[in-house]
Amino acid sequence: KALYEAATAAEKSGDNEAIIAAYKKLEKNKQYANEAIYKQAMASMQLNRIDEAQALAKRAGGMTGPYAVQSMILYADTFFKKGEIKRAKTIYIEMRRRLSGDTKGVVTRKIVACNKALKLPENDGIEN
């Protein structure tokens with residue numbers, strides 16, 4: 001519990017290095033592992049450590065837990081950020097098939113952004 005409080009305090013401070021350090025300790029606790037790895041990935045992305053963010057997001061996305069879907073979206077985001085737009089789009093399309101509601105809308109907008117970057121029609125790859 002103290003580790004979780006320290007990690008959330010680091011988040012509130014906005015210090016990404018502190019966030020990574022705190023959640024790295026917390027990931028050893030199975031109850032918080034999915035969240036801890038995802039939060040490290042987010043902080044790494046904020047620090048523009050894209051390869052690190054990608055590896056962490058992939059790990060968290062492969063786990064069961066409340067942050068698995070967000071982690072896979074972040075994983076695709078890392079490819080987009082690296083300029084690997086086709087790879088990002090493939091992941092977004094795969095994710096969209098399994099989602100509903102607001103999250104499906106978010107992923108749909110990301111596919112549209114990929115299409116724009118690839119100079120493709122806006123709805124390319126988007127199936128209802």
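Modeller: Start with contact, which means heavy atoms within 4.5 Å. The model is a predicted one. By that criterion, Asn34, Tyr38, Ala41, Met42 and Met45 of α3 meet Ala68, Gln70, Ser71, Leu74, Asp77, Thr78 and Lys81 of α5. Sorted by class, this contact of α3 with α5 has six nonpolar, four polar and two charged residues.

Colleague: What makes α3 roughly parallel to α5?

Modeller: The axes of α3 and α5 are 10 Å apart, and the packing angle is about 25°. Angles under 35 degrees count as roughly parallel, so α3 is roughly parallel to α5. The crossing of these two helices, α3 and α5, is left-handed.

Colleague: Why are α2 and α3 called roughly antiparallel?

Modeller: Helix α2 covers residues 16-26 and helix α3 covers residues 33-46; they pack at about 160°, with axes 8 Å apart. An angle over 145 degrees counts as roughly antiparallel, and α2 and α3 are therefore put in that class. The crossing of α2 and α3 is left-handed.

Colleague: Which residues make the contact of α2 and α3?

Modeller: On α2 they are Asn16, Ile19, Ile20, Tyr23, Lys24 and Leu26; on α3 they are Glu35, Ala36, Lys39, Gln40, Ala43, Ser44 and Gln46. The contact of α2 with α3 divides into six nonpolar, four polar and three charged residues.

Colleague: How do you know how α5 is oriented relative to α7?

Modeller: The axes of α5 and α7 come within 12 Å and cross at roughly 10°. The cut-off for roughly parallel is under 35 degrees, so α5 is roughly parallel to α7. Val69, Ile73, Asp77 and Phe80 of α5 meet Thr103, Val107, Lys110, Ala113 and Cys114 of α7. Six residues of the contact of α5 with α7 are nonpolar, one is polar and two are charged.

Colleague: Now single residues. Why is Gln70 called partly exposed?

Modeller: Gln70 has a relative accessible area of 36%. Buried would need under 20% and exposed over 50%, so Gln70 is partly exposed. Gln70 lies in helix α5, residues 68-81.

Colleague: What makes Ala76 buried?

Modeller: Ala76 has a relative accessible area of 0%. The limit for buried is under 20%, so Ala76 is buried. Ala76 belongs to helix α5. Leaving aside residues up to four places away in sequence, Ala76 touches Ala88, Ile91 and Tyr92.

Colleague: Why is Leu56 called buried?

Modeller: Leu56 has a relative accessible area of 10%. Since buried means under 20%, Leu56 counts as buried. Leu56 sits in helix α4. Beyond residues up to four places away in sequence, Leu56 touches Ile37, Gln40, Ala41 and Ser44. From C-alpha to C-alpha, Leu56 and Ala41 are 5.1 Å apart, although 15 residues apart in sequence.

Colleague: Why is Thr108 called buried?

Modeller: The relative accessible area of Thr108 is 18%. Buried means under 20%, so Thr108 is buried. Thr108 is in helix α7, residues 101-117. Not counting residues up to four places away in sequence, Thr108 touches Arg96 and Ile126.

Colleague: What makes the pairing of the side chains of Thr108 and Arg96 a polar contact?

Modeller: The distance between the Thr108 and Arg96 side chains in that contact is 2.6 Å. A polar contact needs a pair of N or O atoms within 3.5 Å, one able to donate a hydrogen and the other to accept it. The side chains of Thr108 and Arg96 are joined by such a contact.

Colleague: Is Lys119 buried or exposed?

Modeller: Lys119 has 75% relative accessibility. Exposed means over 50%, so Lys119 counts as exposed. Lys119 lies in the segment after α7.

Colleague: Where is Asn48 found?

Modeller: Asn48 is in the loop between α3 and α4, the latter being residues 50-61. The C-alpha atoms of Asn48 and Ala76 are separated by 15 Å, and the two residues are 28 apart along the chain.

Key: Residues are numbered from 1 along each chain as its sequence is written. This is a predicted model: local features need pLDDT of at least 70, side-chain atom pairs count only at pLDDT 80 or more; totals for chains, interfaces and linings use all residues. Side-chain values use heavy atoms; hydrogens and water are left out. Axes are lines fitted to C-alpha atoms, for helices over the stretch in contact, and angles run from 0 to 180 degrees between N-to-C directions. Helices (H or I, at least four residues) and strands (E, at least two) are DSSP runs, numbered from the N terminus. Angles under 35 degrees count as roughly parallel, over 145 as roughly antiparallel, 65 to 115 as roughly perpendicular and the rest as oblique. A crossing is left-handed if the near helix is turned anticlockwise from the far one by less than a right angle, and right-handed if clockwise. Ala, Val, Leu, Ile, Met, Phe, Trp, Tyr, Cys and Pro count as nonpolar, Asp, Glu, Lys and Arg as charged, and the others, Gly among them, as polar. Buried means under 20% relative accessible area, exposed over 50%, partly exposed in between (1.4 Å probe, protein chains only).
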